[in-house]
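Hi,

Here is the structure I promised to pass on. Could you open it and keep it beside you while you read the rest?

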Amino acid sequence: MGFEGTADCVYAGAGLIVAKITYIEAGGIEHVVDVEAGWSVMQGAVRNGIPGIVAECGGNCACGTCRVYVDARWKEKTGTATDIEEATMDIREDADPRKRLSCQIKVTEELDGLVVRMPASQY
Ligand code: FES
């Protein structure tokens with residue numbers, strides 16, 4: 001008897017797509033985790049218990065406490081911030097041009113290997 005008809009079968013058969021993402025705390029501690037495609041970079045951190053991303057609004061682009069810094073080589077694949085994201089980032093004083101809201105970066109296969117850094121504080 002196999003797994004036919006069970007959730008396990010569907011899960012394995014679907015070939016779960018994940019991207020390996022490295023989150024680097026401000027102090028230099030690295031966390032490398034597999035994040036499921038379709039999640040946000042923020043969800044990948046929160047669901048894996050990675051410190052440094054607060055995400056007070058739960059991913060609604062309203063709090064600005066999920067900031068990460070995206071290296072230039074990943075800029076194209078992670079896309080650019082929308083006007084709403086830019087406005088939310090302006091809530092926090094942070095002049096770093098690499099900043100993005102991690103709740104607004106959707107994980108895809110293309111982001112396998114992504115490296116993001118967290119600020120010393122989200123406030
Ligand atoms: Fe609040 Fe991203 S979680 S802006």
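Below is what I found in it, going from the whole chain down to single residues.

First, how to read it. This is a predicted model, so to speak of a local feature I needed a pLDDT of at least 70, and side-chain atom pairs count only at pLDDT 80 or more, while totals for chains, interfaces and linings use all residues. Residue numbers start from 1 along each chain as its sequence is written.

**Confidence**

pLDDT is the predictor's confidence in each residue, from 0 to 100. The protein chain averages 89, and 88% of the residues score at least 70. The stretch to watch is residues 1–13, where the pLDDT is below 50; beyond near neighbours in sequence, this stretch has 4 contacts in the model. (Two residues are in contact if their C-beta atoms, placed from the backbone, lie within 7 Å.) Where pLDDT is low, the predicted coordinates should not be read in detail.

**Overall layout**

The protein chain has 4 helices and 5 strands. Reading from the N terminus, the order is α-β-β-α-β-α-α-β-β. If you take the contacts between residues at least 6 apart in sequence, 65% of them join residues at least 24 apart.

**The sheet**

The 5 strands make an open sheet with mixed pairing, in the order S2-S1-S5-S3-S4. Strands count as paired if DSSP finds at least two bridges between them. At the edges sit S2 (30–36) and S4, each pairing on one side only.

Now the individual pairs. S1 and S2 are antiparallel over 7 bridges, and Thr22 stands opposite Val32 in S2. Their hairpin has 5 residues between the strands, and Gly28 there takes a positive phi near 105 degrees. S3 and S5 run antiparallel, joined by 2 bridges: Tyr69 stands opposite Arg117 in S5, and Val70 has Val116 in S5 as its bridge partner. S3 is also antiparallel to S4, with 3 bridges between them; here Arg67 is partnered by Leu101 in S4.

**The core**

How much of the chain is buried? Of its 123 residues, 26% count as buried. The cut-offs are 20 or more other C-beta atoms within 10 Å of a residue's own for buried, 12 or fewer for exposed, and partly exposed in between, with C-beta atoms placed from the backbone.

A nonpolar core is a set of buried Ala, Val, Leu, Ile, Met, Phe, Trp, Tyr and Cys residues joined through C-beta atoms within 7 Å. The largest one has 19 residues, of which Ala19, Ile21, Val41, Met42 and Val116 touch the most other members. The elements giving two or more residues to this core are strand S1 (18–24), helix H2 (41–47) and strand S3 (67–70). Take Ile21 as an example: leaving aside neighbours within four places in sequence, Ile21 is in contact with Val33, Val35, Val41, Gly44, Leu111, Leu114 and Val116.

**Some loop residues**

Ala55 counts as partly exposed because 19 C-beta neighbours lie inside 10 Å. Cys61 is in the loop between H2 and S3 too, with a phi of about 60 degrees. Cys61 has 17 C-beta neighbours inside 10 Å, so Cys61 is partly exposed.

Gln104 sits in the loop between S4 (99–101) and S5 (115–117). Is Gln104 buried or exposed? Gln104 counts as buried, because 20 C-beta neighbours lie inside 10 Å. Not counting residues up to four places away in sequence, Gln104 touches Cys61, Ala81 and Glu85. The C-alpha atoms of Gln104 and Trp39 are separated by 9.9 Å, although the two are 65 residues apart along the chain.

Lastly, Thr80 is in the loop between helix H3 (75–78) and helix H4 (83–89). Thr80 is exposed, because there are 9 other C-beta atoms within 10 Å.

Cheers
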